[in-house]
Amino acid sequence: MTDHDTGPSAGAPTARRSGGHTPTGRSLAGQAPIGPAGHAGHAPTGAAPEGVPPARRSQAGAQDPPHRSTYERWQPPQAVRATALHAGAWWLWALGLATAASRTTNPLLLGLIIGVAGYVVAARRTDAPWARSYGAFLKLGLFVIGLRLLFSMLLGSPVPGSHTLFTLPEIPLPAWAQGIRLGGRVTAEQLVFAFYDGLKLAALLVCVGAANALANPARLLKSLPAALYEAGVAVVVAMTFAPNMVADVVRLRTARRLRGRPTGGVKAVLQIGLPVLEGALERSVAIAASMDARGYGRTAKVPPAVRHTTNVLTLGGLLGMCAGTYGLLAAQGAAYGLPVLGVGAALAVAGLRLGGRRSVRTRYRPDRWGARAWLVAGSGATVAALMIRAGSVDPAALQPGVVPLVAPTLPLWPAAAILIGLLPAFVAPVPPKEASQ
């Protein structure tokens, strides 16, 4: 031990070598105790007076914990495995926005929904492969709008119009194809109607893309009931196939650009397509081997009575949910629609609970549904409920007319209801910079 060591363990050998004296030459006998601050016979500044038990004495240099404001206490934490948001909350939030988009054709409200979804994705998206597919959904939405406008010009529209923009050559069709035309007069009213319809479809695609970019599909699979595990695996594999393919295309195009090769044209697409398909095949083989090694498809034996009861409960529950939903949509069945829907949902849950006995898998570190998950899912449900209410109170604001052709207006409280969907951008855990695993 060197002379530079400090602390009680370092000071004791030094005192023995000096014959009962401290390194400074003072005798240890009869000397007042040296405090932590180095002053003999005096307590350090801020120390408790004599008579106070030693356990209550504060250490020298100890500081009180810094005061945290209410905003800091409620500030979203860093997204790690223990604090990560439940994947089902993201899907419920996105489905709420999609429900709101399906209730309106107002381009201002649809654009606001797309903006809300895009802002949340930009604020809480990771660098994982499935998160990079959001741009592909945006491009797909633009393609849907353009395709809807093209079909409206070529095949016509049932919407009458008086503002003719141009006239295409019309191809005569036989008598059995009445009601269908190719070419002819194109009006502003039919193009506006087609744009509204295409924008609604694009908003639905953007909401699905937002859920696909924010929710980890592997963690979502862990939260499914055991009876739906096999079907959930198939859905997850199908959902992750497209994002991984998009990532492979981006990687190959970047590699070709660095090598000085063209990335556009038919020849480049063919040269990129073969490695992409090869990588997809390799991933499929690896997933199949991994699933087989984990015992996928192996089920436990259950008594026949339990199996038959499961089938009856599940089928009866699904039929009850269908009948209850029809009753809610029909005016004459609104009285019994909600009770039948609740009974059907309860039977379906009981059937899935019994069906889970056939599963022999275990759950490792199951995700928790915490307060932030309730806030995220509740924001989407609130947006959907308020938009449904707005459709019954003021349907003209949500469904702007095209005959006569008028400019759409922005209804205030439906727009404010859509802004509630921004809540996940402020309460969801902040994702790390690196890709989540």
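Trainee: What covers the buried residues of α12?
Mentor: The cover includes α3, α4, α13 (395–398), α14 (412–418) and α15 (424–427). Buried means under 20% relative accessible area, exposed over 50%, and partly exposed in between, with a 1.4 Å probe and protein chains only. Helices (H or I, at least four residues) and strands (E, at least two) are DSSP runs, numbered from the N terminus.

Trainee: What kind of model is this, before I go on?
Mentor: A predicted one: local features need pLDDT of at least 70, side-chain atom pairs count only at pLDDT 80 or more, and totals for chains, interfaces and linings use all residues. Residues are numbered from 1 along each chain as its sequence is written, and side-chain values use heavy atoms, leaving out hydrogens and water.

Trainee: OK, back to α12. Which of its residues are buried?
Mentor: A373, V376, A377, S379, G380, V383, A384, M387 and A390.

Trainee: How far apart are the end C-alpha atoms of α12?
Mentor: They sit 32 Å apart. The 23 residues should span 33 Å at 1.5 Å a residue, so the two values agree. That expected span is 1.5 Å times one less than the number of residues.

Trainee: Let's zoom in on A377. Buried or exposed?
Mentor: A377 is buried, because its relative accessible area is 8%. Its place is in α12, which runs over residues 371–393.

Trainee: And what does A377 touch?
Mentor: A89, L92, W93 and W369, leaving aside residues up to four places away in sequence. A contact means heavy atoms within 4.5 Å. W90 is worth a look as well: its C-alpha is 6.7 Å from that of A377, although the two residues are 287 apart along the chain.

Trainee: Switching to T104. Where does it lie?
Mentor: T104 is in the loop between α3 (87–102) and α4 (107–124). With a relative accessibility of 0%, T104 counts as buried.

Trainee: Which backbone atoms lie close to polar atoms of the T104 side chain, and at what distances?
Mentor: There's the backbone nitrogen of N106, 3.0 Å from a polar atom of the T104 side chain. On the other hand, the backbone oxygen of L398 is 2.7 Å from a polar atom of that side chain.

Trainee: What else does T104 touch?
Mentor: Not counting residues up to four places away in sequence, T104 touches L109, L110, K200, M387, L398 and Q399.

Trainee: New topic: how many salt bridges does the structure hold?
Mentor: Two. The criterion is a side-chain nitrogen of Lys or Arg within 4 Å of a carboxyl oxygen of Asp or Glu. In one of them, the side chains of D197 and R148 meet at 3.3 Å, N to O. That pair links distant parts of the chain, with D197 in helix α6 (residues 188–214) and R148 in helix α5, 49 residues apart.

Trainee: Why would side chains like that pair at all?
Mentor: Opposite charges can pair when the charged atoms come close.

Trainee: How exposed are D197 and R148?
Mentor: D197 is partly exposed, since its relative accessible area is 26%. R148 is partly exposed too, at 24%.

Trainee: And the pair of R251 and D248, what's the distance there?
Mentor: It's 3.5 Å, N to O, between the side chains of R251 and D248. They are three residues apart in helix α8 (residues 229–258), so about one helical turn separates them. D248 is buried, with a relative accessible area of 10%.

Trainee: Which residues of α9 are buried?
Mentor: A268, I272, V276, G279 and A280. The helix covers residues 266–293, and its 28 residues should span 40 Å at 1.5 Å a residue; the end C-alpha atoms are 41 Å apart, so that agrees. Just after α9, G295 takes a positive phi of about 80 degrees.

Trainee: What about F143, buried or exposed?
Mentor: Exposed, because its relative accessible area is 52%. F143 belongs to helix α5, and its C-alpha lies 8.6 Å from that of A202, 59 residues away in sequence. L155 is also in α5, which covers residues 134–155, and L155 is partly exposed at 41%.

Trainee: Last one: what does the whole chain look like in secondary structure?
Mentor: It has 15 helices and two strands. Of its 437 residues, 30% count as buried. Among contacts between residues at least 6 apart in sequence, 75% join residues at least 24 apart.

Methods: Polar contact = N/O pair within 3.5 Å; in protein donor to acceptor, adjacent residues only side chain to side chain.
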